[in-house]
Number of protein chains: 2
Amino acid sequence: MLVVQKYGGTSVADADRIKHVAGRVLRRVHAGDQVVVVVSAMGNATDELIDLALSITENPDPRELDMLISTGEQVSIALLAMALRAMGQEAVGLTGQQAGIYTRAQYGSGRIARVDADRVKAELAAGRVPIVAGFQGATEDAEIVTLGRGGSDLSAVALAIALGADRCENCKDVTGVYTADPRLVPEARQLKDLTYEEMLELATQGSQVMHNRAVELASVYNLPILVTSSMVDAPGTLIHGESQLEERNRVRGIAHDTDVAKITVRQVPDKPGIATNIFEPLAEAGISVDTIVQNASAGKLTDLTFTLSRKDLRKAEELMPAICETVGANGFVSDGNLGKVSIVGVGIQTAHGYAARMFRALFDAGINIELISTSEIRLTCIIDAGRVPEAVRALHAAFELETAE
Amino acid sequence: MLVVQKYGGTSVADADRIKHVAGRVLRRVHAGDQVVVVVSAMGNATDELIDLALSITENPDPRELDMLISTGEQVSIALLAMALRAMGQEAVGLTGQQAGIYTRAQYGSGRIARVDADRVKAELAAGRVPIVAGFQGATEDAEIVTLGRGGSDLSAVALAIALGADRCENCKDVTGVYTADPRLVPEARQLKDLTYEEMLELATQGSQVMHNRAVELASVYNLPILVTSSMVDAPGTLIHGESQLEERNRVRGIAHDTDVAKITVRQVPDKPGIATNIFEPLAEAGISVDTIVQNASAGKLTDLTFTLSRKDLRKAEELMPAICETVGANGFVSDGNLGKVSIVGVGIQTAHGYAARMFRALFDAGINIELISTSEIRLTCIIDAGRVPEAVRALHAAFELETAE
């Protein structure tokens, strides 16, 4: 089997963990697999480099910031390659550029334009384990570009696709994807598998297991991803495209997020251009809006509510008076202390009874629902932030997620 | 004037010093000069990276070690470029590869094969200050290779030559080259200028102002080097090829070194092949031999003495019994507690009285001379390590170096 293994910063945080990872890679090689490794920067190395930049200037040049923080992964690949060589296994550290990961010159948020995997293939053919720096690529002019946070997941998936690998393994400090956060729900159970869509909804809703861009890319090429432990030998959770419908039509997991703020624009006249006039100024200020709910009836005044990250609330509040004036609204109200809980599963949108069961479970727990939003495979309720742990437990019990599939 | 400025690790050891260096560069640019900057890794960064490698394995792979330690300079160039940009000056950090410094794949001790300065010229033409990572280059296949300790000096000189720069400025934590180490001789005076040869002899004899390979390279292309302060505005010392004979024929400075060991091979039969049989095994063990003295008379037994670094003494002592047996010598004696003092100056070898004056000064100070060696422009005496400071002061006084030239 040809496999791309990705190890995050926690898994390579110090010399002992790097040697541990080398030992894991070596066992896979001895078992007859071809292994390509993608690594992140050690522990908090990236944050420390950013702090160093901020000690020079509040507003570091993006190109130079990429030049700086890309050194974090370069350190990791060198150390892991050394560790493998010290164990008698030929290995070679490759920067993003050397590994043929090409991007355009979008410093700090590069998109992978193409992967030229010839060098990696040649190293594999020569019996060496290629250790590739995640999170980075280079332009055709050899300018170093980073892929943004979570970019190492993307490097691993892109490389696996270019190599035609059998799968990508995301080796983490958890053993897989759970039905809910085990810190909130002790009965939470590890899932054997998930569809890409389910993984995306779980990730978006706050379970940071795998970066969304990476899951989306894997989904396009139907590349299976195994989320597994970098520490212990455990089966992991397979993310793939094969829908097993008879098992699917049910809730697979509960996602949650306690970082939600809400702004309601009151008594907005219902006419064209309102949404543009509200959301363009927010977007220009760099504020991401999540859920938007508007119950418009032609010709009447209506309330429009949207949610955003708590950290953006103050900035949004400063912009709101001008926005309200532009759209002719009767002011706004905000709440910075919200969270959300979601049930996720292919088919729940079309099947009967899931929504009702969710609302009943929250009602029985005495939890008030502020907003509701839905996707194909997800149903989300915005609730009070302090009630989120309770809500997750109530939903986990209501959908009997503790019982094996 | 087009100038290449090199700043060592001490000059960029923290954020404040980096901003200070940026300010200095900016003033030069505002004064109308074209400035290219070469920087080393911050403070002890290189040593810390080496320690990290040693925490993985006692014997790190040389390619991966270069991959690792080259990140030190990459951090420096990014931070210095950020600092200049924050001051409103366009600047661009360039790795050795991006700056077109090409080497062969001699990891850890790369030699510069060629410099393609097109990118650096283009950045200058665009009004940007190129900040180049010292100590590193890349092969034609984009493999990262470091140039060995002191390699940043070499990067700066090689780049200055490729650019046709007016001079290379080596900006340090000293203000220039002195007649002797000012910590030993309070009267020591800064020299206005020196020839390349004088600088080489002073450097070899322990005054680590500028790396020898860099001075040799500058000498071949007749590139003037200004050794100057990175902290204060001071005139510095110019190293160049113009010999001003009427001023030269005299002692320019005193060099010293307190790290000397000596081995004497006793009663060696004087026959062909002896030197080979003694020095080949030492060279194979990685031991560098410095001075060698042999007073051979045809057909007789003679003593052969050589000096080496103190750190290599034990290893050499282990090899000596076998060597003595091979050459038929009557054993060996060693002394690990020696030092050396040298007088340096173009013309002193051919002029009368310098040697006699040196020996007289040491004799008057009651210092015994163990060994004498000479070059074109240098006269060195090996003495007891503990007497070195006294010897330097005695020689400084004897040759009246405290008086202006």
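**Sheets, helices and two chains**

Reply: Gladly. Let's start with a helix on a sheet: H1(B) lies across strand E1 (2–7), E2 and E6 of chain B, and runs at about 160 degrees to E2(B). Please keep in mind that this is a predicted model.

Me: What makes H5 of chain B another helix that lies across strands, and which ones?

Reply: Helix H5 (residues 151–163) of chain B lies across E1, E2, E6 and strand E9 (167–172) of chain B. Its direction is about 170 degrees to E1(B).

Me: Why are E3 and E10 of chain B said to stand at the edges?

Reply: Follow the order of the 8 strands in this open sheet: E3-E6-E2-E1-E9-E11-E12-E10 (chain B), with mixed pairing. Strand E3 (91–94) and strand E10 (193–195) each have a single partner strand, so one side of each has no neighbour in the sheet. On average, neighbouring strands of this sheet are turned by 20 degrees against each other, direction ignored.

Me: What makes the relation between chain B and chain A a two-fold one?

Reply: Chain B is superposed on chain A by a rotation of 180 degrees with 0.0 Å of shift along the axis, at an RMSD of 0.1 Å. The two copies are thus related as by a two-fold rotation axis. If you want to find that axis on screen, look at Thr71(B): of the residues of chain B, its C-alpha comes closest, at 2.7 Å.

Me: How do you know that the same surface serves both copies?

Reply: 100% of the contact residues of chain B recur in chain A. The contact itself joins 28 residues of chain B with 28 residues of chain A. On chain B, helix H1 (15–30), helix H2 (45–56) and H3 each supply at least two residues, and H3(B) gives the largest share, 14 residues. By class, this side of chain B has 17 nonpolar, 7 polar and 4 charged residues.

Me: Where do H2 of chain A and H3 of chain B meet, and how is their crossing described?

Reply: The axes of helix H2 (residues 45–56) of chain A and helix H3 (residues 62–86) of chain B come within 9 Å and cross at roughly 35 degrees. The crossing of H2(A) and H3(B) is right-handed. Leu52(A), Ala53(A) and Ile56(A) in H2(A) meet Leu79(B), Met82(B), Ala83(B) and Ala86(B) in H3(B).

Me: What are the classes of the residues in that contact of H2(A) with H3(B)?

Reply: There are 7 nonpolar residues, with no polar and no charged ones.

Terms used:
Residues numbered from 1 in each chain as written. Chains lettered and ligands numbered in written order. Predicted model: local features only at pLDDT ≥ 70, side-chain atom pairs only at ≥ 80, totals over all residues. Axes fitted to C-alpha atoms, helices over the stretch in contact; angles between N-to-C directions. Helix = DSSP H or I, 4+ residues; strand = E, 2+ residues; numbered from the N terminus. Left-handed = near helix turned anticlockwise from the far one by under 90°. Contact = placed C-beta atoms within 7 Å. Nonpolar A, V, L, I, M, F, W, Y, C, P; charged D, E, K, R; others polar. Least-squares fit on C-alpha atoms with pLDDT ≥ 70 in both. Pairing = 2+ DSSP bridges.
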